[in-house]
Amino acid sequence: MTTYKCKVCSHEFILRVPPVECEVCGGRDFMVLGDATDYRGGSLMAIDKDLFSSSTFSSTIRSYCREIGWNINDINDKRAILRFDMDSGSTQTLFILRYDTTLEFSCPSGVKFNDLDDIPHILSTWLLCANSSYKIGFWCIENISNRKVFSVMHNAEISLIDVTYFAKVVIQLINECEKFEEEVERVLSRGSA
């Protein structure tokens with residue numbers, strides 16, 4: 001495993017092969033920082049992988065949010081909730097969940113349905129098309145409180161996450177969710193006029 005650093009945004013990657021494109025900024029110019037493996041116990045370990053272990057998840061999230069200037073609504077050893085007051089007057093809620101070696105970032109929208117059959121297919125098609133243009137995040141349907149909720153989500157290997165990448169993911173997700181909700185509201189208001 002080798003550490004590569006994007007020369008455009010300084011994001012670091014720990015990979016077996018050189019990256020083709022920076023998943024943060026899309027840059028294609030990298031420098032090699034060196035070997036990023038630890039052979040303790042005969043297994044490979046990514047650098048700083050323990051930053052998000054169950055015992056340090058909370059302190060790492062708190063540290064990142066403090067550095068960026070964000071408040072945390074709720075946090076424990078496996079989950080963090082951040083809320084953002086948007087320019088439109090709405091509030092976007094972002095969840096961060098820790099799963100083994102992956103962090104899941106999720107921003108549920110206010111667009112909810114009781115059943116999959118109730119979802120307008122044009123809406124799902126539109127979001128699937130939008131997914132193809134994203135470098136960070138993707139749209140999905142989550143089951144939340146027995147309802148089908150459109151959410152924008154991003155899953156990242158813990159070894160790839162630093163404070164810059166963390167901020168880019170969160171900002172991308174809350175902004176995409178906000179744009180989606182505003183567009184749905186605009187379409188609905190046109191339909192009722």
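## Lining of the largest pocket

In this predicted model, helix α3 supplies the largest share of the lining of the largest pocket, namely five residues, where helices (H or I, at least four residues) and strands (E, at least two) are DSSP runs numbered from the N terminus. The pocket has a volume of about 270 Å³, and 13 residues line it, of which Leu123, Glu183, Val184, Val187 and Leu188 are the closest to its centre. Two or more lining residues come from each of β7, α2 (121-131) and α3 (163-192). By class, the lining holds nine nonpolar, one polar and three charged residues; Ala, Val, Leu, Ile, Met, Phe, Trp, Tyr, Cys and Pro count as nonpolar, Asp, Glu, Lys and Arg as charged, and the others, Gly among them, as polar.

A pocket here is an open set of points, on a 1 Å grid over the protein atoms alone, where a 1.4 Å probe fits and where protein lies on both sides within 12 Å along at least five of seven lines, and lining residues have an atom within 4 Å of a point. Grid points are joined across faces, edges and corners, and a volume is the space filled by probe spheres set on the points.

## Basis of the values

Residues are numbered from 1 along each chain as its sequence is written, and side-chain values use heavy atoms, with hydrogens and water left out. Because the model is predicted, local features need pLDDT of at least 70 and side-chain atom pairs count only at pLDDT 80 or more, whereas totals for chains, interfaces and linings use all residues.

## Chain and nonpolar core

The protein chain contains three helices and nine strands, which follow one another along the sequence in the pattern β-β-β-α-β-β-β-β-α-β-β-α. Of its 193 residues, 42% are buried, a term that means under 20% relative accessible area, with exposed meaning over 50% and partly exposed lying in between (1.4 Å probe, protein chains only).

The largest nonpolar core has 48 residues, and among these Leu94, Ile96, Phe105, Phe150 and Phe166 touch the most other members. Such a core is a set of buried Ala, Val, Leu, Ile, Met, Phe, Trp, Tyr and Cys residues joined through side-chain atoms within 4.5 Å. Two or more residues of this core come from each of β1 (2-6), α1 (57-68), β5 (79-85), β6, β7, α2, β9 and α3, and the largest share, 11 residues, belongs to α3.

## The six-stranded sheet

Six strands form an open sheet in the order β4-β5-β6-β7-β9-β8, with antiparallel pairing. Strands β4 (74-75) and β8 stand at the edges with a single partner strand each, so one side of each is left without a neighbour in the sheet. Two strands are taken to pair if DSSP finds at least two bridges between them.

Within this sheet, β6 (residues 91-99) and β7 (residues 102-113) pair in the antiparallel sense over five bridges, and Arg98 stands opposite Leu103 in β7. Seven bridges join β8 (residues 138-144) to β9 (residues 147-157), which also run antiparallel, with Ile144 opposite Arg147 in β9.

## Turns and loops

The β8-β9 hairpin has two residues between its strands, and Ser145 in the turn has a positive phi of about 50°; Ser145 is exposed, with a relative accessible area of 65%. In the loop between β6 and β7 lies Asp100, a residue other than glycine whose phi is also positive, near 40°, and which is exposed at a relative accessible area of 71%.

Ile158, in the loop between β9 and α3, is buried at 3% relative accessibility. The C-alpha atoms of Ile158 and Asp100 are separated by 8.8 Å, although the two residues are 58 residues apart along the chain.

## Cysteines

A search of the whole structure finds zero disulfides, a disulfide being a pair of cysteine sulfur atoms within 2.5 Å. Cys65 counts as buried at 1% relative accessibility, and Cys140 is buried as well, with a relative accessible area of 17%.
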